Amino acid sequence: MLSNTCILFFFFFLISLSPVIIATFNRTLPYQHPFPEAVVQEVKRRVNESVARRQILDTTVTNFQCFTGNPIDDCWKCDPNWANNRQHLADCAIGFGHGAVGGKGGRYYLVSDPSDLDTVNPTPGTLRHAVIQDEPLWITFAGDMIITLKHELMINNYKTIDGRGANVHVTGGGCITLQYVSNVIIHNIHIYNCVPSGNSNIRQSQTEVGWRGMSDGDGISIYSSRNIWIDHCALSHCTDGLIDAIMGSTAITISNSYFTHHDKVMLLGHDDRYLPDFGMQVTIAFNHFGQGLVQRMPRCRRGYIHVVNNDFTEWQMYAIGGSASPTINSQGNRFTAPEDPNAKEVTKRVDTNEKDWTQWNWRTEGDEMVNGAYFVPSGDGLSNQYALASSMEPKSAFLIDQLTMNAGVLGVPRDTSVAMSYGGRTRTTVGTNQGGGARSNDGDGDFLEKVFGSVAAAGSSSPPSTTTILLSLLILYVTTNNGGLLTLPLILLL
């Protein structure tokens, strides 16, 4: 067996031989974008283009109110005949989830029955019956409805849930789960009061029924999935997270949504020890983070997270947090700090010493800080925070009102209730610390234990060695890319 020194020497010798090996080594997921900065630049270009169009129209057209500068909405919403070409929406995504086609090209499915009586043999005409079909579908609704789920709603590949033109509410047991799927668009629906449920058989496709344990009670749970776009939704009052994306999910955009009345809003990343989440790439754009929010907007592990042109109007602990060295690129957001003098910082490095996070790449560019808010950059972000503006800079946050004016479900009032949800119950107050600010334990629990049972919990909590990490990444590359360039080196190492 080779010594650790020999293994490390041979590994670094290999990566010195070829830039191709260096480029591919950093890809832990087969579908992650190899150049995330290029995606960021494209988002900037789309925003700048839409804002410029809006400014030109302001000077040439009287009372022109359609184009907002929001590139997603401007793509489809200004077409007076959009209802006759609903599937054009699939062309309008930006960011890492821009490739999510949903049910584009498939037939339309009209949901006419709000019931959810049977999770194994769903009634035709229900949302559950629609989402488990094995063909691409563009799902619409016959009218306003409240869908109270019995258990998790397991969505199959290539589906669009399009709530435009109706006031659609999804609530109840488990709520929405995307597990091992791709190409899903969820648009213009309310999701709230989601509670744990399960220990039941649930149909996941026309040919597959599986036993599901108890769910966490997330609004939307994304598990080992890709090409996902969530747009114009309103989420609040769930037991666990409003949106959680874990276990190597990537190519995700969360946009134009309205988040309120919740503690742990959004989790991106499974566990600090879960290496494939290096490949998680998420765009968070044009959202409104509003009343009654405490933390995790988002809370990131590993991966590349682009947070652009959002309006953060309330938090009680922090807005953006993370661990395990994620890249966080914050551009053109508005952060309005709470009155609590102990909660002015936008950022939080969770359970990490400063000496360990100083090299993490957390950047702020064009962000507006209100009421004493401040962002602590690190790594490359520290050197870039005073960079001169360029034509590619994200539009400054004075445009936030315009870009987020339609965040949430279109055509209905926003949720402004005052209750908050904890553990499936609602209450109107949050515990406070001695400084007067709301505080809640940011501990994530051991999700590995939830997935794998006591076997994971019995393992050592000490961090893996450098050699173990390097070998694990090599194995991940081989298993996700059918061997490729590193097959021979891996055999030699082992």
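This is a predicted model: local features need pLDDT of at least 70, side-chain atom pairs count only at pLDDT 80 or more; totals for chains, interfaces and linings use all residues.

In which loop is Phe286 found?

Modeller: Phe286 is found in the loop between E20 and strand E21 (288-289). Its phi is positive, about 65 degrees, although Phe286 is not a glycine. Most residues other than glycine have a negative phi. Phe286 is also buried, with a relative accessible area of 0%.

Strand E20 (residues 281-285) runs parallel to E16, and four bridges join the two. In this pairing Thr253 stands opposite Thr283 in E20. Strand E16 (residues 250-255) is mostly covered, six of its six residues being buried. E16 also pairs with strand E13 (residues 226-231), in the parallel sense and over five bridges. There Asp231 stands opposite Ser255 in E16.

Asn183, in strand E8 (residues 182-187), has a phi near 60 degrees, a positive value in a residue other than glycine. Asn183 is buried, at a relative accessible area of 5%. The peptide bond from Met297 to Pro298 is cis, with omega near 5 degrees, and Pro298 lies in the loop between strand E22 (293-295) and strand E23 (299-301).

As for the cysteines, the structure holds three disulfides. One of them joins Cys175 to Cys194, with an S to S distance of 1.9 Å. This pair links distant parts of the chain, 19 residues apart: Cys175 is in the loop between strand E6 (168-173) and strand E7 (176-179), and Cys194 is in strand E9 (residues 190-195). The link is left-handed, with -85 degrees about the S-S bond. Cys175 and Cys194 are both buried. Cys238 is in no disulfide, and the nearest cysteine sulfur, that of Cys194, is 3.5 Å away. The cut-off for a disulfide is 2.5 Å, so a sulfur pair has to lie within that distance to count. Cys238 counts as buried at 1% relative accessibility.

Another disulfide is formed by Cys75 and Cys92, their sulfur atoms 2.1 Å apart. Cys75 lies in helix H4 and Cys92 in the loop between H4 and E1, so the pair ties together parts that are 17 residues apart in sequence. Cys75 counts as partly exposed at 25% relative accessibility, whereas Cys92 is buried at 0%. Cys66 and Cys78 also form a disulfide, with their sulfur atoms 1.8 Å apart. With the bonded cysteines numbered in sequence order, the pairing is 1-3, 2-4, 5-6.

Note on methods
Residues are numbered from 1 along each chain as its sequence is written. Side-chain values use heavy atoms; hydrogens and water are left out. Buried means under 20% relative accessible area, exposed over 50%, partly exposed in between (1.4 Å probe, protein chains only). Two strands pair if DSSP finds at least two bridges between them.
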